[in-house]
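Work through the exercises below with the model open. Each one gives a task, then a solution in steps.

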Amino acid sequence: MRRALSALFAVFLVAGGCSSSGQPSSPSAVTQPPAPAATPRVLMVTTTAGFRHDSIPTARQVMATLAASTRAFSVTATEDLSTLGAENLRGYDVVMFALTSGELPLAASQKSALVDFVSSGHGFIGVHSATDTLYEWPDYGRLVGAYFKEHPWTQQGTVVVEDASHPANAGSGDRFSLLEEFYTFQDNPRGRVQVLLRLDAASVGAAGDYPLAWAQSFGAGRTYYNALGHFPSTWMDPRFQRQLAGAIAWTASR
Ligand SMILES: [Zn+2]
């Protein structure tokens, strides 16, 4: 997938503000051309067993539009948990849990299929409430990196970019500001993951270390988590879209 990664950046260089064309039109208007065979195939799961975010339709639309406009990946969005079986996962390079929540009813065989999928060299991406999901399955906690604690700040805040050279931070600059519901976690994952984004605590009148996105190896595979994504406006934000596209390329690499 290294070639796909290069292709992704070439697309960004050529297309520049391509994501301005990533504006969802209408849910029925999605016609995704088949991506080139070497591009990562993403299974996007938005199933909820707890809180359900209003941003889910926008998230699905944005990822489909981003796939179509960049042709850097293909995406299949689903809420059918039966897709998380070993046989079906053979058709994908990355599983993305986007805005999932609660104790999703996964069979033991599906749980081991997902762990085997990632540890054997594929990718996992969690977005926003993916950390508010499957608290009772410790292996999932290792995949996603931490569990949600609370969201003390829903406001404009500044996000600091750590390691601007990481593919998932491409085009994010050294800091950026957005309206978001900023999460804290039950424990700080710094030390067991590579933190890629953190909250500028002073920007919300707080103090302390609050990681917001991170990456880690998982066996022969890779996982990435981004805590942003509460509001539809975040999904529409080209900076967030670039982070997710970069994360897809990175987690699909080995
Ligand atoms: Zn939220």
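**Exercise 1. The zinc site**

Task: Which atoms coordinate the zinc ion, and at what distances?

Solution. Step 1: collect the donors, meaning N, O and S atoms within 2.8 Å of the metal (3.2 Å for Na, K and Ca); water is not among the atoms, so sites may look incomplete. The zinc ion is coordinated by His 53 (NE2), His 128 (NE2), Glu 181 (OE) and His 230 (ND1), at 2.0 to 2.1 Å.

Step 1: Four donors are tetrahedral if all angles lie between 85 and 135 degrees. Four are square planar, and six octahedral, if opposite donors are over 155 degrees apart and all others between 65 and 115; anything else is irregular. Here the angles among the four donor atoms run from 89 to 159°, and the site is irregular.

Step 2: read the spacing along the chain. It is H-x74-H-x52-E-x48-H. His 53 sits in the loop between strand S1 (41-45) and helix H2 (56-70). His 128 sits in the loop between strand S4 (123-127) and helix H5 (138-144). The two are 75 residues apart, so the pair links distant parts of the chain.

Step 3: check burial. Buried means under 20% relative accessible area, exposed over 50%, and partly exposed in between (1.4 Å probe, protein chains only). His 53 and His 128 are both buried.

**Exercise 2. Ground rules and the whole chain**

Task: How many helices and strands does the protein chain have?

Solution. The model is predicted: local features need pLDDT of at least 70, side-chain atom pairs count only at pLDDT 80 or more, and totals for chains, interfaces and linings use all residues. Residues are numbered from 1 along each chain as its sequence is written, and side-chain values use heavy atoms, with hydrogens and water left out.

Step 1: count elements. Helices (H or I, at least four residues) and strands (E, at least two) are DSSP runs, numbered from the N terminus. The protein chain has seven helices and nine strands.

Step 2: Of the 254 residues, 56% are buried. Contact means heavy atoms within 4.5 Å. Among contacts with a separation of 6 or more, 74% join residues 24 or more positions apart.

**Exercise 3. Strand pairs**

Task: In which sense do S1 and S2 pair, and in which sense S5 and S6?

Solution. Step 1: two strands pair if DSSP finds at least two bridges between them. S1 and S2 pair in the parallel sense over five bridges. Met 44 has Ala 77 in S2 as its bridge partner.

Step 1: take the other pair. Strand S5 (residues 148-161) and S6 are antiparallel over ten bridges. Glu 150 is bridged to Thr 184 in S6.

Step 2: Four of the five residues of S1 are buried, so S1 is largely enclosed by the rest of the structure. Eight of the eleven residues of strand S6 (residues 175-185) are buried, so S6 is largely enclosed too.

**Exercise 4. Positive phi**

Task: Where do Leu 99 and Leu 134 lie, and are they buried or exposed?

Solution. Step 1: recall the background. Most residues other than glycine have a negative phi.

Step 1: take Leu 99. Its phi is positive, about 65°. Leu 99 lies in the loop between strand S3 (94-98) and helix H4 (108-119). Leu 99 is buried, with a relative accessible area of 0%.

Step 2: take Leu 134. Its phi is positive, near 55°. Leu 134 lies in the loop between S4 and H5. At 2% relative accessibility, Leu 134 is buried.
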